[in-house]
Amino acid sequence: MKFKAAAAILLSLLYWLTSSLNLTGVDASNEQLTPQKVLLLYDSMANDTSKAGNVELLQRQLASFGMEVTLLAEDFYSKGLLDQFNWLILIKNSAEIRTINESFERDLAAFEGHLLQIGGVLSPPLKKKLPVDVEFTKSKQNVVIAMSGLQEEVAPVQNAAYIHVNREAGQSVESYGTLSPINSDSKNMPFAVKNNNAAYAPLYEKGNLSELAMLYVLKEWLGTTGDGQLYLLFKEIYPFSDLDLLAKAADELYEAGIPFIASVRPVLDNFDYPAMFRYMEALKHIQSRNGSIVINTPVISSTTRDTTEILGYKLTSFINALGDYGVVPLGMGAELYWSYDKEYVNNGMAFFDSVILFPNQLIMHRSQSNVSQTFASALYSVSPEEWNTFLSQRKVWADIPTDIALTVDFPENEQELEDMVSFINDQWLVFSDYKLARHEVITERFTMVSGNGLMINGKGQILNDTERIVDSDFQYVEEDEVSFSKLFSIQNRIFIFIICLALLLFGILFVLGYRLYKRKYLK
Amino acid sequence: MNQTGAGLMLRRFLAFMARYVSPAGFAAGTALLITFIALFTPPYIGMADNGDFFRVLYSNGLYFHLPDYDSQYLGYFIKEFGILQYYNENVAIYYSSQSLLIQLALALNKLFVSTVIFDVRVQSAILTLLFIVAIYLLVESLTWKMKPLYGYIIAVLAVFMFADTAYTAFFNSFFSESIVLIMVILTFASGLLLYRRRYNDYAMVAVLAISGLLLTTSKQQNAPVGIILAATCLFLLLIRKEKKFKVIMFSTLSLLFFSGIATYALIPKEFVNINQYHAMTRGILLGSDDPERALEKMGVNKQYAILKNSIYYEPFTTVDVNSHILEKYFYSQYGFGEILGYYVSHPKQAISMLDLAAKNAFTIRPPAMGNYEKEEGKSFGQQTMFFSGYSLLKKALAPKTFGFIVIWIAVVTGVYMPSFVTAIQRRDFRNALRFPFIFSMILMGLSGIFVSIIGAGDADLSKHEFLFTVTFDLVTFVVISDAIRRRLWQRDSRLDSEPE
């Protein structure tokens, strides 16, 4: 026991030391400057094509760079809007070459700010700034994308476009990655090009290397310096998940030296139940095993509008319950659309300065906005299944373009846990510890901060792993208050006596009556 | 004017009335007038969507065409919906006799109103016609060959109770309660008309079979209704000796029985999940002193106790009712049988749940669902007071305990039992019919309560208990009517029906 206690103190000290050294490269607080505003215009969502979902993808990627995104379809562009922006991204998903909005075309021609175009024929201002030609193929082609030492063959791309840099005028053009047709002898064409503040990339799809490659392009175009971090995140953790398995996973990852984030489902009622204490005990155990806790958004069952402020109240209650128990949540795990909804932002996300943005699953807006909320830290969530083909190619991944959370559902059984741990070990990936960066969660009662150890209201938390066994005894149903119980019990006894007496009298009268009847009529 | 004079005038008036309109005709005409004013003249009265319309609408090729539809949930009645102009991929979402009605209304709408916009009042018009027929048959079954004075009193009572807008507002909605109301009345009326031998037996059996079938398949929770009606029909097998009649009756009985089974089997999964969730969180866990133990007994992780009292319809929840974790580790561990078994072994909790159910069993109009269109400028969720005397009176005055329901059942049974026993002793099966039909109504009502509790705990009780509400009103109406026409516990009920 003594050895255990000493080890715990030693570990806490070690943790405090490493925390104060601030080993991580990302310090969210340093990025809390006024966010850059970018206008994201698209011509089509390209549903039912291989490009479907690339607009949403870009929204999440821009969020990870701290950009405030204004999303708009080209059709709805109104004259003069571009004047408010210094950054513009055009997504041209449609194969048709047509003028959708004349006022936009005019404003675009006069635009002098930073411009990135994804797909489509080069727009007039880009033609001026980028000395390149774009060649479109008519048939479907398999292409090979390469970026930062990674390579992937992508299934047939319709109307693939290749960039040819003009050799004479193209001295100043910077190229990123390569994009070439498979089995082609022609020289590799760039995946994207940039000249000063203008950039162009012809291919952008969800789930292949172009997704990751675009992060590199965005990083250069936005002028962001420093490398991002890679985190491991588990989601689908409920209060009724297998808590023993959760503890075991935390232990195994701790032993393997892998820090992780757990995006845990909030409890919105019944905070005093034993089940809640067991849940918090499990979260505390995670915390003691190099795990960081973030709160997943609650499920939205309906979008009726008579619920203002319920969300804030419920989430505060949960955060406070965690705070009271010494569990320090550091952020929120949310689907992207939450950051585009005023009600969710104001009542649900306002407590957090750090989020992990997951892809949208089921959009349930209450007060939709086309302008995103920015956060000091907004990790870009990716599924390892999608990136597996190229992630496994690299032993060391140093130049991570932005903060990325490799997101997996929490395993359901021991076998799945073993498979997952060995998969992570096989990747040679180095995961960062989320709580080493500064994240802040504020409620009326608590200010929870990480960066220099986990602090609640300025007080450091000792990550003690001594588990408390939560007793199942609890009074679930409150007994009604009873008034005058003594009086009523006396009253009851009196009534019972009277009833018994009445029955007795009735019996006697019945017998007497029967005898009279017999005497009178049955003689 | 002296008393004799007033009596004479009343008698003359009644004789004049009787010459032109029977009590049944009077009831039907008055109900039609009131319903027409309520549903078809501004301000139009209907029911706001509580989120349930989606499934019915989309499976029938309709959609919400208003851009601000979401903001009107629960608050305002909406009368117009879009008609899908392209392939509908949601056809198989919903199995219900209600779809037949909507398809008929949709066809008429496309023919006479619009091919793009569906006006729910077209459906309402069909339902109003059926309702008027049902009221006519019900009142006729009780007032036929009766003194006009009693007949018109019963007719007025029928209008007061059943033309209440708490009932008829359902016509202007996609809730299946509208079909339930009409089909229960038709089923009961056809049974009473068979008992009184008022019309051709075969015609009445046809009405009984069709209305019973539509009633059973109108709503998933009505599955037991088919079985109860099939059992009641066993008595009908005995009322005529012809083989043809027996064959038809047996086919009807089998049809109703299997429709009950099919209704249960064809419940869409989503419905099962929501109700199964509530059956545990708003049922077993709700009143349990030790929810962790209750869960462990059913083989469920005791941590699920944290969901005690939670409702799926809450705007924010910990878990999605259709999530993988609930499907695999929660719902799979218990079903209807396990829940029933739990209540049987915990009678104290079962009784407290029944009391809870009784609290909502006398509310016809579900609370928190508006009756007016937004254009009327009424407040969000405002409900109409137009012709709502009975529903308001019932809600205010009915003793809301299960004990009252038990006493009510005992009184009704006691009142009708003597004539039933006498008829059975005389082997006069037609005259024995009245009690089985009344009792089957009571059983249907009780099934509504039990299925609600076992199937979905106390969630949405006032809406789930609609079947009890209707059958309670029908049986009470018949008891009052029989009291008025002095046909309650008379042992000789042969006066009631035409001789064979």
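Domain bounds here come from an automatic or database domain assignment. The model is predicted.

**Exercise 1.** State which domains chain A is assigned and how far apart domain 1 and domain 3 lie.

*Solution.* Start with the bounds: chain A has domain 1 (29-222), domain 2 (227-460) and domain 3 (484-523). Next take the C-alpha centres: those of domain 1 and domain 3 of chain A are 97 Å apart. Then turn to the record: an unreviewed UniProt entry lists residues 494-517 of chain A as "transmembrane region". In the model, residues 494-517 of chain A are 100% helix and 0% strand, with 34 Å between the end C-alpha atoms.

**Exercise 2.** Describe the side of chain A that touches chain B.

*Solution.* Count the contacts: 29 residues of chain A meet 30 residues of chain B. Locate them: α7 (274-288), β15 (299-300) and α8 (310-325) of chain A each supply at least two residues of that side. Sort them by class: 17 are nonpolar, seven polar and five charged. Finally, examine the strands: β15(A) pairs with β4 (residues 316-317) of chain B in the antiparallel sense, over two bridges. Within β4(B), Phe316(B) is the bridge partner of Ile300(A).

**Exercise 3.** Decide whether Tyr334(B) is buried or exposed, and list its contacts beyond four places in sequence.

*Solution.* Apply the cut-off: a residue is buried if 20 or more other C-beta atoms lie within 10 Å of its own. Tyr334(B) is therefore buried, because 20 other C-beta atoms lie within 10 Å. Not counting residues up to four places away in sequence, Tyr334(B) touches Met280(B), Met298(B), Val300(B) and Ile339(B).

Conventions: Residues numbered from 1 in each chain as written. Chains lettered and ligands numbered in written order. Predicted model: local features only at pLDDT ≥ 70, side-chain atom pairs only at ≥ 80, totals over all residues. Buried ≥ 20, exposed ≤ 12 C-beta atoms within 10 Å, placed from the backbone. Contact = placed C-beta atoms within 7 Å. UniProt positions renumbered as here; feature names shortened; annotations may be inferred. Helix = DSSP H or I, 4+ residues; strand = E, 2+ residues; numbered from the N terminus. Nonpolar A, V, L, I, M, F, W, Y, C, P; charged D, E, K, R; others polar. Pairing = 2+ DSSP bridges.
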